[in-house]
Amino acid sequence: MSGKGRHGKAGMIPLALGVVVVLGAVLMLVTGCGKAAPAASERGTPPAAEQPPIRLDDARVARGKVIYEARCAGCHGRDGVGENPANPVAPDEQGRFPAPPLDGSAHAWHHTDEDLANFIADGSPRNPRMKAWKTDLTREQIRDVVEYIKSLWGPAELNCQGPRHMDPDCFRGH
Ligand code: HEC
């Protein structure tokens with residue numbers, strides 16, 4: 001009987017040790033994981049929206065606005081709100097999408113300046129309503145319109161334009 005009791009007591013110590021070791025390992029794992037992938041804010045990188053936006057060329061923006069309002073606003077809306085702000089992806093009778101917003105609310109800022117300029121110059125391969133503007137506008141004028149379009153974006157869109165929109169350390173939001 002007493003032998004059994006001794007065994008019982010002796011068994012408790014390794015068990016207690018085991019619990020401590022396992023708990024310790026779990027804690028190390030948790031804190032270790034936290035250290036391996038700290039949030040951007042913990043590394044001292046503020047969200048893009050809180051960083052000063054890249055500077056735009058004011059003269060280009062002013063020239064681009066004149067061109068935009070004469071040539072583009074009829075479809076893309078005043079201030080780039082899009083053709084159908086209430087439902088930007090509602091297709092027309094032919095199943096084609098309306099002119100998308102060009103402000104920060106849609107995807108225009110996912111493209112680089114170069115890609116936007118090329119798209120405006122060559123037009124949409126899917127929808128002839130977005131025609132090739134290279135016969136009406138010079139490359140410089142197209143670049144001015146791109147600068148104006150960028151003036152409609154917020155700091156996060158400006159700072160994370162193009163491929164950086166995929167980087168969660170740059171862009172965290174929509
Ligand atoms: C007659 C209507 C119309 C006019 C005018 C027009 N667009 Fe468009 N635009 C569209 C449509 C429709 C699309 C969507 C094309 C598609 O689905 O591929 C589009 C797409 C675009 C896109 C791609 C947006 C994105 O998020 O991928 C850009 C940039 C653009 N237009 C710029 C311009 C500029 C700059 C002008 C003026 C010089 C202009 N558009 C004039 C109808 C128009």
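User: Hi! How many helices and strands does the protein chain have?
Analyst: Hello! The protein chain has six helices and zero strands. Read from the N terminus, the order of elements is α-α-α-α-α-α. Keep in mind that this is a predicted model.

User: Okay, and what percentage of the residues count as buried?
Analyst: Of the 174 residues in the protein chain, 22% count as buried.

User: What about contacts between residues at least 6 apart in sequence: what share join residues at least 24 apart?
Analyst: That share is 57% in the protein chain.

User: Let's switch to the ligand. Which residues come nearest?
Analyst: There are 22 residues around the ligand, and Cys72, Cys75, Ala99, Ser124 and Met130 come nearest. Helix H3 (73-76) and helix H4 (113-122) are the elements that give two or more residues to that shell.

User: How do the residues of that shell divide into nonpolar, polar and charged?
Analyst: The shell around the ligand has 14 nonpolar residues, five polar ones and three charged ones.

User: Now the helices. How do the axes of H2 and H5 cross?
Analyst: Helix H2 covers residues 58-71 and helix H5 covers residues 139-150; their axes come within 7 Å and cross at roughly 100°. An angle from 65 to 115 degrees counts as roughly perpendicular, so H2 is roughly perpendicular to H5.

User: And which residues meet there?
Analyst: From H2, those taking part include Arg60, Arg63, Lys65 and Tyr68, and H5 brings residues including Arg143, Asp144, Val145 and Tyr148. The residues of this contact divide into five nonpolar, two polar and six charged.

User: You mentioned Tyr68. Is that one buried or exposed, and why?
Analyst: Tyr68, found in helix H2, counts as buried because there are 23 C-beta neighbours inside 10 Å, and 20 or more is the cut-off. Leaving aside neighbours within four places in sequence, Tyr68 is in contact with Ala73, Val145 and Tyr148.

User: How far apart are Tyr68 and Gly80 in space?
Analyst: They are 9.1 Å apart, C-alpha to C-alpha, and twelve residues apart in sequence.

User: Last topic: how many residues are in the largest nonpolar core?
Analyst: That core has 16 residues, and those with the most contacts inside it are Ala108, Ile120, Ile142, Val145, Val146 and Ile149. H4 and H5 each supply at least two of its residues, and the largest share, five residues, comes from H5.

User: What is Val146 in contact with, leaving aside its neighbours within four places in sequence?
Analyst: Val146 is in contact with Asp113, Leu116 and Ala117. As background, nonpolar side chains tend to be buried together in soluble globular proteins.

Definitions and conventions
Residues are numbered from 1 along each chain as its sequence is written. This is a predicted model: local features need pLDDT of at least 70, side-chain atom pairs count only at pLDDT 80 or more; totals for chains, interfaces and linings use all residues. A residue is near a molecule or strand if its C-beta atom, placed from the backbone, lies within 6 Å of it. Helices (H or I, at least four residues) and strands (E, at least two) are DSSP runs, numbered from the N terminus. Ala, Val, Leu, Ile, Met, Phe, Trp, Tyr, Cys and Pro count as nonpolar, Asp, Glu, Lys and Arg as charged, and the others, Gly among them, as polar. A residue is buried if 20 or more other C-beta atoms lie within 10 Å of its own, exposed if 12 or fewer, and partly exposed in between; C-beta atoms are placed from the backbone. Two residues are in contact if their C-beta atoms, placed from the backbone, lie within 7 Å. Axes are lines fitted to C-alpha atoms, for helices over the stretch in contact, and angles run from 0 to 180 degrees between N-to-C directions. Angles under 35 degrees count as roughly parallel, over 145 as roughly antiparallel, 65 to 115 as roughly perpendicular and the rest as oblique. A nonpolar core is a set of buried Ala, Val, Leu, Ile, Met, Phe, Trp, Tyr and Cys residues joined through C-beta atoms within 7 Å.
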